[in-house]
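Thanks for coming. Let's take a quick walk through one chain, and please look at the model as I go.

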Amino acid sequence: MKVNIGSIRELRGGSIGFQGEQAVEVLDEVEELGLKLTGPAKIEGKVTNTGEGFLVEAELSFSYEANCSRCLEPIRTTQNLQIKEEFIPDHSQVEEDSVFTFQGDTIDLTKCINEQVILALPMKILCRADCRGICPVCGGNLNQRQCECKVQEIDPRLEKLRSLLPTEGGGFNGKPNK
Ligand SMILES: [Zn+2]
Ligand SMILES: [Zn+2]
């Protein structure tokens with residue numbers, strides 16, 4: 001995605017609007033989580049000549065599909081991001097990776113958009129915050145149906161120990177103290 005700034009190149013304070021789309025390649029690690037972008041990222045905003053450089057202010061939106069980490073149900077969602085990045089001329093003596101540069105009359109947003117999308121992707125995806133996941137016994141989706149499975153929560157060894165503890169009545173195993 002490139003923006004031509006020729007018309008405001010020499011116009012300090014001037015700004016131009018732009019909009020477009022860009023395909024984003026996600027990292028392999030993200031794809032392994034089952035996450036896939038469902039189309040190109042869309043971007044709309046403006047570029048302003050600040051005197052020192054060009055400020056890009058835009059709204060980025062992209063959609064992806066993935067599987068819930070708990071119940072494995074497919075999810076489709078759209079995410080919106082605000083971008084605010086300054087681009088400085090390439091001949092500036094700045095040796096920082098964090099700074100975006102441009103050459104001539106063209107601001108290339110490709111790298112900026114890629115970075116923003118990848119940073120915004122979640123590492124853990126839930127279909128909803130309180131997703132109940134899958135029953136470890138029958139494999140049923142607990143969001144859809146509560147199954148009858150009894151999940152053994154108490155370790156049987158602890159259960160045995162508990163029967164040895166003094167209970168009501170004060171005596172051993174519930175018998176009154178003599
Ligand atoms: Zn879920
Ligand atoms: Zn079950």
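What pattern does the chain follow, read along the sequence? It runs β-β-α-β-β-β-β-β-β-α-α. That comes to three helices and eight strands. Helices here are DSSP runs of H or I with at least four residues, strands are runs of E with at least two, and both are numbered from the N terminus.

Some housekeeping. This is a predicted model: local features need pLDDT of at least 70, side-chain atom pairs count only at pLDDT 80 or more, and totals for chains, interfaces and linings use all residues. Residues are numbered from 1 along each chain as its sequence is written, and chains are lettered from A and ligands numbered from 1 in the order in which they are written.

Start with β5, residues 54–67. It pairs with several strands; two strands pair if DSSP finds at least two bridges between them. β3, residues 36–37, is joined to β5 by two bridges, antiparallel. There, lysine 36 has glutamate 65 as its bridge partner. β4 also pairs with β5 in the antiparallel sense, over eight bridges. Glutamate 44 sits opposite glutamate 59 of β5. On the β6 side, 14 bridges join the strands, again antiparallel. Glutamate 59 faces glutamine 82 there.

Now the turns. β4 and β5 make a hairpin with four residues between them. Glycine 51, in that turn, has a positive phi of about 100 degrees. The hairpin of β5 and β6 has six residues between the strands. Leucine 72 lies in that loop. Its phi is positive, about 70 degrees, although it is not a glycine. Most residues other than glycine have a negative phi. Is leucine 72 buried, exposed or partly exposed? Partly exposed, because it has 13 C-beta neighbours inside 10 Å. The cut-offs: buried is 20 or more other C-beta atoms within 10 Å of the residue's own, exposed is 12 or fewer, partly exposed is in between, with C-beta atoms placed from the backbone.

Back in β5, take glutamate 57. With 14 such neighbours, glutamate 57 also counts as partly exposed. Leaving aside neighbours within four places in sequence, its contacts are Gly45, Lys46, Ile83 and Lys84. A contact means C-beta atoms, placed from the backbone, within 7 Å. Glutamate 44 is 13 residues away in sequence and 8.6 Å away, C-alpha to C-alpha.

Next, helix α2, residues 110–120. Cys112, Ile113, Gln116 and Val117 are buried. Why are they on the same side of α2? Because they cover an arc of only 125 degrees around the axis, taking directions from the helix axis to the C-beta atoms. The face turned away carries exposed Thr110, Lys111 and Leu119. Among the elements covering the buried residues are β2 (15–22), β4 (41–49), β5, β6 (74–89) and β7 (100–102). Isoleucine 113 touches Met1, Gln22, Val24, Ala41, Ile43 and Leu60, not counting residues up to four places away.

Finally, the core. A nonpolar core is a set of buried Ala, Val, Leu, Ile, Met, Phe, Trp, Tyr and Cys residues joined through C-beta atoms within 7 Å. The largest has 21 residues. Those with the most contacts inside it include Ala41, Phe54 and Ile113. β4, β5, β7 and α2 each give two or more residues. β5 gives the most, with six.

Two totals to end. Of the 178 residues, 15% count as buried. Among contacts between residues at least 6 apart in sequence, 54% join residues at least 24 apart.

Conventions: Two residues are in contact if their C-beta atoms, placed from the backbone, lie within 7 Å.
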